[in-house]
Amino acid sequence: MKSSIFTCKASSFPSTTFKVLKEVKINIIKMELSITRPDDWHLHLRDGKLLEAVVPHSAHHFGRAIIMPNLKPPITTTAAAMAYRESILKALPINSGFTPLMTLYLTDSTTPAEIKLAKESGVIFAVKLYPAGATTNSQDGVTDLFGKCMPVIEEMVKHNMPLLVHGEVTSPEVDIFDREKVFIETVLSPLVQKFPQLKVVMEHVTTMDAVKFVESWRIAATVTPQHLVLNRNSLFQGGLQPHNYCLPVLKRETHRQAIVSAVTSGSKRFFLGTDSAPHDRLKKECPCGCAGIYNAPVALAVYAKVFEEAGALDKLEAFTSFNGPDFYGLPRNTSKITLRKTPWKVPESFSYASGHVVPMFAGEMLDWLPSPV
Ligand SMILES: NC(=O)N[C@@H](CC(=O)O)C(=O)O
Ligand SMILES: [Zn+2]
Ligand SMILES: [Zn+2]
C-alpha cells in the first residue's frame, strides 16, 4: 500500500545518496523519546475473535481508550456497556493495565434515565452520536437529533457527559467530500449554540472547516493517523486501495495540511484518537468493501513522524497524553513509554481465529518504534 508520505524507500536512492542517508540515520538512530503513556480517545475493538486479536495491539502502548459502541447490535444500554467491558477485560494480555472507557450509542429512543444510569455506573464516559446511515453499523443511529433526542442532551449537560460526534450528514444529494462541512453548518453549529454547556468532541476531523470550527467554539476534536498523513489521492494510487478507505473519507491535501498545522501548533483542543477500525480482510478486499482502517499497530509511529516532520516533537506528548485526559477531566497516566528512532517493518497482516486483518501501511517501513519502558 503506497502513501503520500512514505513512498521513498532507501533502496531506490542512488548509492551516494544512500550513503548520506545512512550516516544521518547513524546519528538519529540513537534518538529516543520518553513520553507519558498515551491514551486513545477513539477506538473500535469489535467483539468475539476479532476483539481477542486486536486488543493486545492497543493495550501494549495505550493506557486507556474510549471504546466505540457500534457493535451489532449496538451498545445502547448501561447493562450492555458493562457486559462489553467485561469481555474486553477478559481479552487483555496478562498484567495489562489497559482501561477501557465505555460509551453509549445514542438512538432516537435513548432515555434521560439511561444517561443517569450510565453516569452512575462509573464506567461510561461518553455518548456517541452516529447520524443514521453515516458509517459502519450506524443504521440504528439518530434520525431526529433536534426532536426526540433533546431531553437526553439536556440530561447529558446536567451530568457533564460528553457527546462524541461522527460529524457527517447522510443526505445522498450531498457530495461525500462535503459531508463534514455541511454537518458543521446544519447540525453541529446549531447544537453548540443551543447547548453552550454541552461537552462535545468532534471525532476524526478531516477538513479545514472542522479545524476552524473546533478552534472557534468550546469543543474538542480527535485526529486519526490517516487524516494526518494521507490525502484522497491515496485511495486511488496505482488502483483502488481498500485499506485506505475510511469514513469520513480522506480529503484534499489542503485539508490534510490544515489538520497537521492545528495539531502541531500545540492547541489543547486536539488529541489522539486513532479510529482504529479493523475489518476482516475479506470485508475490505471485496466488491463492496467496509469503511475503516486498522491502524492500532502503527498509530504512534505515524503520529511521531508527523510531529517530527513539522519540527514539533516537543508538542507530541501533549497531543498523545495530556490534552485528552484534561478534556475528559481524568488524571493523566503516570507510566511512560519510549519511542525509538529505528526503522521497522509493518507486518503484511495479522491472522486470527476467523481470518486476517491488514494494518495501515502493511509491509512498509516506519521510523519510530514504540515500546513500554
Ligand atoms: N471510521 C470508519 O471508517 N469506520 C468505523 C466507524 C466510524 O468511526 O465512523 C468502523 O467502525 O468501522
Ligand atoms: Zn465515525
Ligand atoms: Zn470510529
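Visitor: Start with Ile75. Is Ile75 buried or exposed?
Guide: Ile75 counts as buried, because it has 24 C-beta neighbours inside 10 Å. The cut-off for buried is 20 or more. Keep in mind that this is a predicted model.

Visitor: Where does Ile75 lie?
Guide: Ile75 is in the loop between β3 and α3.

Visitor: What is Ile75 in contact with, leaving aside its neighbours within four places in sequence?
Guide: Its contacts are Pro69, Ala80, Ala81, Tyr84, Leu104 and Tyr105.

Visitor: And how far is Ile75 from Lys128?
Guide: C-alpha to C-alpha, Ile75 and Lys128 are 10.0 Å apart. Along the sequence they are separated by 53 residues.

Visitor: What joins Leu247 and Pro248?
Guide: A cis peptide bond, with omega about -10 degrees. Pro248 is in the loop between α8 (225-229) and α9 (253-264).

Visitor: Leu247 makes me think of the ligand. Which residues surround ligand 1?
Guide: Leu247 is one of them.

Visitor: How does the shell around ligand 1 divide into nonpolar, polar and charged?
Guide: Four residues are nonpolar, six are polar and one is charged.

Visitor: What does UniProt annotate here?
Guide: An unreviewed UniProt entry carries the annotation "domain: Amidohydrolase-related" for residues 40-345. That span is 39% helix and 14% strand. Its end C-alpha atoms lie 23 Å apart.

Visitor: Why does Asn160 count as exposed?
Guide: Because it has 11 C-beta neighbours inside 10 Å. Exposed means 12 or fewer.

Visitor: And Phe361: what is its phi, and where is it?
Guide: Phe361 has a positive phi of about 60 degrees, and it is not a glycine either. Its place is the loop between β12 (355-357) and β13 (365-372). Phe361 is buried, with 28 other C-beta atoms within 10 Å.

Visitor: On to helices. Where is the kink in α2?
Guide: The kink is at Val54, and it is about 30 degrees. It comes shortly before the proline Pro56. Helix α2 covers residues 48-61.

Visitor: Which residues of α2 are buried?
Guide: Val54 is one of them.

Visitor: What about the largest nonpolar core? How many residues does it have?
Guide: It has 98 residues. Those with the most contacts inside it are Val127, Met202, Val214, Ala221 and Tyr303. Helix α11 (residues 299-309) gives the most to this core, with eight residues.

Visitor: What does Ala221 touch, beyond four places in sequence?
Guide: Val201, Met202, Val205, Ala210, Val214, Arg269 and Phe270 are its contacts.

Visitor: Which residues does Glu215 touch?
Guide: Not counting residues up to four places away in sequence, Glu215 touches Ser267 and Arg269. Glu215 is in helix α7 (residues 208-216). It counts as partly exposed, because it has 14 C-beta neighbours inside 10 Å.

Visitor: How far is Glu215 from Phe270?
Guide: Their C-alpha atoms are separated by 9.3 Å, and the two are 55 residues apart along the chain.

Visitor: Last one, Val187. Which helix is it in?
Guide: Val187 is in helix α6 (residues 179-194). With 19 C-beta neighbours inside 10 Å, Val187 counts as partly exposed. Leaving aside neighbours within four places in sequence, Val187 is in contact with Leu145 and Val169. The C-alpha atoms of Val187 and Leu145 are separated by 8.6 Å.

Notes: Residues are numbered from 1 along each chain as its sequence is written. Chains are lettered from A and ligands numbered from 1 in the order in which they are written. This is a predicted model: local features need pLDDT of at least 70, side-chain atom pairs count only at pLDDT 80 or more; totals for chains, interfaces and linings use all residues. A residue is near a molecule or strand if its C-beta atom, placed from the backbone, lies within 6 Å of it. Ala, Val, Leu, Ile, Met, Phe, Trp, Tyr, Cys and Pro count as nonpolar, Asp, Glu, Lys and Arg as charged, and the others, Gly among them, as polar. UniProt positions are given in the numbering used here, feature names are shortened, and annotations may be inferred rather than shown by experiment. Helices (H or I, at least four residues) and strands (E, at least two) are DSSP runs, numbered from the N terminus. The bend at a residue is the angle between axes fitted to the seven residues ending there and the seven starting there. Two residues are in contact if their C-beta atoms, placed from the backbone, lie within 7 Å. A nonpolar core is a set of buried Ala, Val, Leu, Ile, Met, Phe, Trp, Tyr and Cys residues joined through C-beta atoms within 7 Å.
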